[in-house]
Amino acid sequence: MTPLPNAELVQNSLQLYRYLLRCCKQLPEENIRQHYRHAVRQSFKVHADEDNPERIQQIIKRAIEDADWVMNK
C-alpha cells in the first residue's frame, strides 16, 4: 500500500491531521482503520498546545514517516 501523494505539502497541524485521516481510510480492515484513527486523534489532542514552530515541524515530519511505515507494512 503506497502512502498518499503530496505529503511534502503538509505545512501545519490541520493539514497533517487531514492527511493522516485520509491515510487511515486506505487501510484494509475496519478495526485497523479505527485503531489508527483513534491514535491520530489522541496524538492531535496531546500536541494541541504545542507552540514552538521548530517542534511542530519535527512532529509533522515524524508523523508522516510513521504513516508511511504503517501504510507499507
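How far is the sulfur of Cys23 from the closest cysteine sulfur? Select Cys23 and Cys24: the sulfur of Cys23 lies 7.1 Å from that of Cys24, the closest cysteine sulfur, which is too far for a bond. A disulfide is a pair of cysteine sulfur atoms within 2.5 Å, and a search of the whole structure finds 0 of them. Cys23 is buried, with a relative accessible area of 4%, and Cys24 is buried, also at 4%. Here buried means under 20% relative accessible area, exposed over 50%, and partly exposed in between (1.4 Å probe, protein chains only).

Before moving on, note that this is a predicted model, in which local features need pLDDT of at least 70 and side-chain atom pairs count only at pLDDT 80 or more, while totals for chains, interfaces and linings use all residues. Residues are numbered from 1 along each chain as its sequence is written, and side-chain values use heavy atoms, with hydrogens and water left out.

**The annotated span**

Select residues 14-68 next. UniProt, in an unreviewed entry, places the feature "domain: Complex 1 LYR protein" here; UniProt positions are given in the numbering used here, feature names are shortened, and annotations may be inferred rather than shown by experiment. The span is 82% helix and 0% strand, and its end C-alpha atoms lie 18 Å apart. Helices (H or I, at least four residues) and strands (E, at least two) are DSSP runs, numbered from the N terminus.

**The aromatic pair**

Show the side chains of Tyr17 and Phe44. A search of the whole structure finds 1 aromatic pair. The ring centres of Tyr17 and Phe44 are 4.6 Å apart and the planes stand at 40°, so the pair is tilted. Rings of Phe, Tyr and Trp (its six-membered ring) pair if their centres lie within 6.5 Å; planes under 30 degrees apart count as stacked, over 60 as edge-to-face and the rest as tilted. The pair links distant parts of the chain, 27 residues apart: Tyr17 belongs to helix α1 (residues 13-25) and Phe44 to helix α2 (residues 30-46). Phe44 is partly exposed, with a relative accessible area of 33%.

**The largest pocket**

Which residues lie nearest the centre of the largest pocket? Select Leu16, Leu20, Val40, Ser43 and Ala63, which hold that position among 24 lining residues. The elements giving two or more residues to this lining are α1, α2 and α3 (53-72), and α3 supplies the largest share, 9 residues. By class, the lining has 18 nonpolar, 3 polar and 3 charged residues.

Now centre the view on Ala63, in helix α3. Ala63 counts as buried at 17% relative accessibility. The C-alpha atoms of Ala63 and Leu20 are separated by 8.2 Å, although these residues are 43 apart along the chain.

**The loop between α1 and α2**

Finally, select Gln26, which is found in the loop between α1 and α2. Gln26 is partly exposed, with a relative accessible area of 32%.

Conventions: 1 Å grid on protein atoms, 1.4 Å probe; cavity = no way out; pocket = protein on both sides within 12 Å on 5 of 7 lines; lining within 4 Å. Nonpolar A, V, L, I, M, F, W, Y, C, P; charged D, E, K, R; others polar.
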